[in-house]
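Trainee: I'd like to learn how to read a sheet. Can you walk me through one?

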Amino acid sequence: MTKKPIVALIYDFDGTLSPGNMQEFGFIQAVGKTKEEFWKMSDAIAVGNDASNVLAYMKLMYDEAEKAGIRLRKDSLRGFGKDIELYPGVREWFPLVNSYGKSRGVRVEHYINSSGLKEIIEGSPIAGEFKHIYAGTFIYDGNGEARWPGVAVDYTAKTQFIFKINKGITSAHDTKMVNAKIAAEKKRIPYTNMIYFGDGETDVPCMKIVGMFGGNPIAVYDPANAKKKATAQKLRRQGRVKFTAPAVYTEDSRAFKLVCAIIDKIVADERLRVLGGFV
């Protein structure tokens, strides 16, 4: 019996599924800052120390939580995730795509590839929809308190997770299997079966890799934000993505139509591959 092909939909989170940064839906307010103040402070740490923007915001979260008397624990971070705002249609998107994939004879899997925090995403209303969440995490002590960054995911570090999805690896610390030589036919999800959703230039390395190996990168944008739309259009002109779409995920949306068409093409390509064998 032939295995069903797997189609992987891989999403950035902030600006792609949600209109803001995940820290802006509870955490920043809890430490008594505005989002403008928080990100200005984070940028100052990064620039002043010639440091990673991701490590800078993680340090600032730790410091500001300590000042505010907030215990930075997994459960408290997940609590901040429950109020994350999502773009229209996101909650209904996953069963829609899964159902269409099933009707076409493929299995659809959803993945997050984010520079945000895994624990906050795990607290979001859509956390259960993902096969795996690749994102930043803290290291916690014996009392469950965050003490140090465990995984920091910047825009180039995100590319490793494309290779891990290809090979079926979920471990963040793995460096052996991801670099091991594996025959193409033994890799779990071909790059051609990947659809990558991102909203900006920090997604460019992942978009480039997915597109270069035959997959389908899509730049989404807030339809109410002319600057975001211009960024998506620029990415399309530069050949970084194959398609652009408003960040609307309803059944009648361009994003859904694109995904359905891509799934149809994957199915057709797979049928041609099988027919191309020796008889």
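Trainee: How many strands form the sheet, and in what order?

Mentor: Strands are DSSP runs of E, at least two residues, and helices are runs of H or I, at least four, numbered from the N terminus; two strands pair if DSSP finds at least two bridges between them. Here seven strands make an open sheet with mixed pairing, ordered 4-3-2-1-5-6-7. Strand 4 (146-151) and strand 7 (243-246) are the edges: each has a single partner strand, so one side of each lacks a neighbour in the sheet. From one strand to the next, the twist averages 25 degrees.

Mentor: A word on the source: this is a predicted model, where local features need pLDDT of at least 70, side-chain atom pairs count only at pLDDT 80 or more, and totals for chains, interfaces and linings use all residues. Residues are numbered from 1 along each chain as its sequence is written, and side-chain values use heavy atoms, leaving out hydrogens and water.

Trainee: In which sense do strand 1 and strand 5 pair?

Mentor: Parallel, over four bridges, between residues 6-11 and 194-198; Ala8 sits opposite Met194 of strand 5. Strand 1 also pairs with strand 2 in the parallel sense, over six bridges, and there Ile6 has Arg107 as its bridge partner.

Trainee: What does helix 5 touch?

Mentor: Contact means heavy atoms within 4.5 Å. Angles run from 0 to 180 degrees between N-to-C directions, with axes fitted to C-alpha atoms, for helices over the stretch in contact. Helix 5 (residues 90-103) packs on the sheet against strand 1, strand 2 (107-117) and strand 5, at about 145 degrees to strand 2.
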